[in-house]
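Here is a friendly walk through one structure, in questions and answers. Have the sequence and the 3D view open as you read.

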Amino acid sequence: MPSQKIIELLVPSAVCIQLVADDSNQVIETLAGRLFKAGFVHESFAKAALERESQMPTGLPLGGKYNAAIPHTDIEHVIKPALALATLQKPVNFQNMIEPETAVPVQLVIVMALEQAKTQVEMLQEIAGVLQDADIIEKLMNAREIPRVFEAFS
Amino acid sequence: MAQPKRILVACGTAIATSTVVAKSIEEELKKRGIQVVTRQCKATEVKGLEHGYDLIVTTTPLPKDLEVPVIQTLAFLTGIGKEAVIEQIVKALE
């Protein structure tokens, strides 16, 4: 089933394939920077997302080959809802959302620029669906060009 | 007519993961014929809001000394252990 909302909201210039990063901060900064350049978030978004991640981490162990993180922050830093995505060349540690003292090696990062809760229910449900679909995640991790990333969600 | 059960759903920002969790809980319990009303909040707000709720479900750690039973889970996001958590929720609401 296609993830319509993800496809609509994923910003092509904010998709990084096989990104090389040393730590979670670098990944978040890179993706936040792309969303800022593309006009979807305020300049404050990057710092806010980093702070949020340090206090309320978003690492999600998926029980398979790959793990994910879904950094996001408060709506005041967002101009228009959007998604940024990075697949990482080597795993980077994010802290576990439910057990913040535990590290999760992550290969798939989706930065979410959200506005009001209710208007994004479908997109958020699609993201949860994607996280639970090992085939989609495999396709994302194997993608080497941006169109393949969008295809993975179709 | 039975009163719907009230569930407080907490996460870091109150807009992202709690949205998915709240929706999933509503749908899954509806399938089992259980009426629930959910409210989303930030983890930091739980202490002030918990009174009057039957259950709290959270994706992020909460203070220990709460009045209301708490289920901490990522199952609605990752799918891991989802059925078991739903059973846990049903039991907690009995």
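This is a predicted model: local features need pLDDT of at least 70, side-chain atom pairs count only at pLDDT 80 or more; totals for chains, interfaces and linings use all residues.

Two strands pair if DSSP finds at least two bridges between them.

Q: Which residue of S5(A) is the bridge partner of Phe94(A)?
A: Strand S5 of chain A covers residues 103-113 and pairs with S4(A) in the antiparallel sense over 10 bridges. Strand S4 of chain A (residues 82-95) is mostly covered, with 10 of its 14 residues buried. The bridge partner of Phe94(A) in S5(A) is Val104(A).

Q: Which strands of the chain B sheet stand at the edges?
A: The open sheet of chain B has 4 strands with parallel pairing, in the order S2-S1-S3-S4. A strand with a single partner has one side left without a neighbour in the sheet, so the edges belong to S2 (36-42) and S4 (70-72) of chain B.

Q: Which residue in S4(B) does Thr58(B) stand opposite?
A: Strand S3 of chain B (residues 55-58) pairs with S4(B) in the parallel sense over 3 bridges. Within S4(B), the residue opposite Thr58(B) is Gln72(B).

Q: What angle does the direction of H4(B) make with that of S4(B)?
A: Two helices are worth a look here. Helix H1 of chain B (residues 17-31) lies across S1 (5-11), S2 and S3 of chain B, at about 170° to S2(B). Helix H4 of chain B (residues 82-92) packs on the sheet and touches S3 and S4 of chain B, and its angle with S4(B) is about 175°.

Q: Which helix gives the largest share of the side of chain A that touches chain B?
A: The contact takes 23 residues from chain A and 19 residues from chain B. By class, the chain A side has 15 nonpolar, 6 polar and 2 charged residues. The largest share of that side, 5 residues, comes from helix H4 (residues 121-131) of chain A.

Q: How does H4(A) stand relative to H1(B): roughly parallel or roughly perpendicular?
A: The axes of H4(A) and H1(B) come within 9 Å and cross at roughly 85°. Angles of 65 to 115 degrees count as roughly perpendicular, so the answer for H4(A) and H1(B) is roughly perpendicular.

Q: Which residues of H1(B) make the contact with H4(A)?
A: The residues of this contact divide into 4 nonpolar, 2 polar and 1 charged. From H4(A) come Val121(A), Leu124(A), Gln125(A) and Ala128(A), while H1(B) brings Thr19(B), Val20(B) and Lys23(B).

Q: Is Gly12(B) buried or exposed?
A: Gly12(B) sits in the loop between S1 and H1 of chain B. Leaving aside neighbours within four places in sequence, its contacts are Arg52(A), Met56(A), Lys42(B), Ala43(B) and Thr60(B). A residue is buried if 20 or more other C-beta atoms lie within 10 Å of its own. Gly12(B) has 24 C-beta neighbours inside 10 Å, so Gly12(B) counts as buried.

Q: What ipTM and pTM does the model score?
A: For chain B, the mean pLDDT is 93, and 99% of its residues reach 70 or more. For the model, the scores are ipTM 0.90 and pTM 0.95.

Notes: Residues are numbered from 1 along each chain as its sequence is written. Chains are lettered from A and ligands numbered from 1 in the order in which they are written. Two residues are in contact if their C-beta atoms, placed from the backbone, lie within 7 Å. Axes are lines fitted to C-alpha atoms, for helices over the stretch in contact, and angles run from 0 to 180 degrees between N-to-C directions. A residue is buried if 20 or more other C-beta atoms lie within 10 Å of its own, exposed if 12 or fewer, and partly exposed in between; C-beta atoms are placed from the backbone. Ala, Val, Leu, Ile, Met, Phe, Trp, Tyr, Cys and Pro count as nonpolar, Asp, Glu, Lys and Arg as charged, and the others, Gly among them, as polar. pLDDT is the predictor's confidence in each residue, from 0 to 100. Angles under 35 degrees count as roughly parallel, over 145 as roughly antiparallel, 65 to 115 as roughly perpendicular and the rest as oblique.
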